[in-house]
Amino acid sequence: MTNLFRIWLQLARTDGFPEGSAKHGYVFAAPLDGTGHIDAESWHAQKDKCRVTRFWGDERVEHGMLRHVGHGWRFDYDTRSNAGDEPFFKLDRHTLDPGNFVSITEHDGIQRPFRIMSVERVR
(Lines give C-alpha, C1' and ligand atoms only; values in the text may rest on other atoms or scores of the structure.)
Protein backbone atom coordinates (compact mmCIF):
# COMPACT_ATOMS: atom_id res chain seq x y z
CA MET A 1 0.00 0.00 0.00
CA THR A 2 1.27 3.45 -0.92
CA ASN A 3 1.91 6.17 1.61
CA LEU A 4 1.24 8.92 -0.95
CA PHE A 5 -1.42 11.45 0.07
CA ARG A 6 -3.19 14.37 -1.61
CA ILE A 7 -3.14 17.43 0.65
CA TRP A 8 -5.39 20.44 0.12
CA LEU A 9 -4.28 23.78 1.59
CA GLN A 10 -6.52 26.84 1.74
CA LEU A 11 -5.44 30.39 2.53
CA ALA A 12 -6.07 31.07 6.21
CA ARG A 13 -6.97 34.41 7.75
CA THR A 14 -4.78 37.30 6.56
CA ASP A 15 -5.16 41.09 6.43
CA GLY A 16 -6.54 40.87 2.89
CA PHE A 17 -8.75 37.88 3.65
CA PRO A 18 -10.06 38.10 7.23
CA GLU A 19 -12.10 34.91 6.73
CA GLY A 20 -9.43 33.13 4.66
CA SER A 21 -10.16 32.15 1.07
CA ALA A 22 -11.18 28.91 -0.65
CA LYS A 23 -10.11 30.51 -3.97
CA HIS A 24 -6.45 30.70 -2.89
CA GLY A 25 -4.37 27.65 -2.10
CA TYR A 26 -2.61 24.49 -3.15
CA VAL A 27 -3.27 20.83 -3.76
CA PHE A 28 -0.19 18.63 -3.63
CA ALA A 29 0.88 15.01 -3.25
CA ALA A 30 3.40 13.87 -0.65
CA PRO A 31 4.33 10.64 1.13
CA LEU A 32 3.43 10.73 4.82
CA ASP A 33 4.66 8.49 7.60
CA GLY A 34 2.45 7.01 10.31
CA THR A 35 2.62 10.21 12.37
CA GLY A 36 1.46 12.54 9.56
CA HIS A 37 4.90 13.99 8.77
CA ILE A 38 6.37 14.05 5.27
CA ASP A 39 8.49 10.93 4.77
CA ALA A 40 11.70 12.19 3.14
CA GLU A 41 12.98 8.70 2.38
CA SER A 42 9.76 7.74 0.59
CA TRP A 43 9.80 11.07 -1.23
CA HIS A 44 13.10 10.10 -2.90
CA ALA A 45 11.51 6.93 -4.30
CA GLN A 46 8.41 8.67 -5.65
CA LYS A 47 9.33 12.33 -6.07
CA ASP A 48 8.05 12.34 -9.66
CA LYS A 49 4.54 11.78 -8.25
CA CYS A 50 4.80 14.66 -5.76
CA ARG A 51 3.17 17.35 -7.85
CA VAL A 52 1.55 20.61 -6.79
CA THR A 53 -1.20 22.74 -8.27
CA ARG A 54 -1.36 26.36 -7.12
CA PHE A 55 -4.67 28.19 -7.56
CA TRP A 56 -4.83 31.87 -6.74
CA GLY A 57 -8.07 33.66 -7.48
CA ASP A 58 -8.17 34.88 -11.07
CA GLU A 59 -4.46 34.23 -11.70
CA ARG A 60 -3.24 31.48 -13.98
CA VAL A 61 -3.13 28.05 -12.32
CA GLU A 62 0.47 26.90 -11.78
CA HIS A 63 1.81 23.36 -11.71
CA GLY A 64 5.06 22.26 -10.13
CA MET A 65 6.76 19.73 -7.90
CA LEU A 66 7.34 19.28 -4.18
CA ARG A 67 11.11 19.44 -3.58
CA HIS A 68 13.22 18.53 -0.57
CA VAL A 69 16.20 20.81 0.00
CA GLY A 70 18.32 20.08 3.09
CA HIS A 71 15.78 19.84 5.91
CA GLY A 72 13.34 22.10 4.09
CA TRP A 73 10.52 21.61 1.62
CA ARG A 74 9.40 23.87 -1.20
CA PHE A 75 7.19 24.07 -4.23
CA ASP A 76 9.23 24.35 -7.42
CA TYR A 77 7.56 25.58 -10.62
CA ASP A 78 10.70 25.85 -12.79
CA THR A 79 13.52 23.32 -12.38
CA ARG A 80 15.95 25.67 -14.17
CA SER A 81 15.71 28.36 -11.48
CA ASN A 82 15.05 28.73 -7.76
CA ALA A 83 13.70 32.26 -8.25
CA GLY A 84 10.01 31.33 -8.12
CA ASP A 85 10.27 28.58 -5.52
CA GLU A 86 7.90 28.76 -2.57
CA PRO A 87 9.44 27.40 0.64
CA PHE A 88 7.47 26.07 3.58
CA PHE A 89 8.33 27.28 7.07
CA LYS A 90 9.68 24.26 8.98
CA LEU A 91 7.37 21.77 7.26
CA ASP A 92 9.53 18.90 8.56
CA ARG A 93 8.21 19.72 12.06
CA HIS A 94 4.52 19.93 11.15
CA THR A 95 1.95 17.17 11.26
CA LEU A 96 -0.15 17.30 8.11
CA ASP A 97 -3.57 16.73 9.62
CA PRO A 98 -6.81 18.49 8.62
CA GLY A 99 -7.32 21.63 10.69
CA ASN A 100 -3.60 22.23 11.24
CA PHE A 101 -1.77 25.17 9.68
CA VAL A 102 1.43 25.55 7.64
CA SER A 103 3.17 28.66 6.30
CA ILE A 104 4.52 29.19 2.80
CA THR A 105 6.61 32.08 1.50
CA GLU A 106 5.09 32.82 -1.87
CA HIS A 107 6.41 34.33 -5.13
CA ASP A 108 5.99 37.84 -3.77
CA GLY A 109 8.22 37.08 -0.76
CA ILE A 110 5.34 37.22 1.73
CA GLN A 111 4.87 34.32 4.13
CA ARG A 112 1.21 33.37 4.43
CA PRO A 113 -0.65 30.85 6.61
CA PHE A 114 -2.60 27.98 5.07
CA ARG A 115 -5.06 25.67 6.71
CA ILE A 116 -4.90 21.98 5.88
CA MET A 117 -8.39 21.24 4.61
CA SER A 118 -8.02 17.57 3.75
CA VAL A 119 -5.49 14.74 3.57
CA GLU A 120 -6.54 11.78 1.42
CA ARG A 121 -4.62 8.66 0.45
CA VAL A 122 -3.82 8.47 -3.28
CA ARG A 123 -4.92 5.12 -4.67
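Mentor: Let us begin with Arg74, which is partly exposed, its relative accessible area being 23%. Please bear in mind that this is a predicted model.

Trainee: What makes Arg74 partly exposed?

Mentor: Buried requires under 20% and exposed over 50%. The 23% of Arg74 falls in between, so the residue counts as partly exposed.

Trainee: Why is Asp85 called buried?

Mentor: Its relative accessible area is 8%, which is under 20%, so Asp85 is buried.

Trainee: What makes the contact of Arg74 with Asp85 a salt bridge?

Mentor: The closest N and O atoms of Arg74 and Asp85 are 3.7 Å apart. The limit is 4 Å, so the pair qualifies as a salt bridge. Arg74 lies in strand S5 (residues 72-76) and Asp85 in the loop between S5 and S6, eleven residues apart.

Trainee: How do you know that Glu59 and Arg54 form a salt bridge?

Mentor: Their side chains meet at 3.5 Å, N to O, which is within 4 Å, so the term applies. Glu59 is partly exposed at 45%, whereas Arg54 is buried at 4%. Both residues belong to a network of salt bridges that also includes Glu62, Glu86, Glu106, Asp108 and Arg112.

Trainee: Why is the pair of Trp43 and Trp73 called edge-to-face?

Mentor: The ring centres of Trp43 and Trp73 are 5.7 Å apart, within the 6.5 Å limit, so the rings pair. Their planes stand at 85 degrees, over 60, and therefore the pair is edge-to-face. Trp43 lies in helix H1 (residues 40-46) and Trp73 in strand S5, so the pair ties together parts that are 30 residues apart in sequence. Trp43 is buried at 4%, and Trp73 is buried at 3%.

Trainee: In what order do the eight strands stand in the open sheet?

Mentor: The order is S6-S5-S4-S3-S2-S1-S8-S7, with antiparallel pairing.

Trainee: Why do strands S6 and S7 count as edges?

Mentor: Strand S6 (86-87) and strand S7 (101-105) each have a single partner strand, so one side of each is left without a neighbour in the sheet.

Conventions. Residues numbered from 1 in each chain as written. Predicted model: local features only at pLDDT ≥ 70, side-chain atom pairs only at ≥ 80, totals over all residues. Heavy atoms only, no water. Pairing = 2+ DSSP bridges. Helix = DSSP H or I, 4+ residues; strand = E, 2+ residues; numbered from the N terminus. Buried < 20%, exposed > 50% of the residue type's maximum accessible area, 1.4 Å probe, protein only. Phe/Tyr/Trp six-rings, centres within 6.5 Å; stacked < 30°, edge-to-face > 60°.
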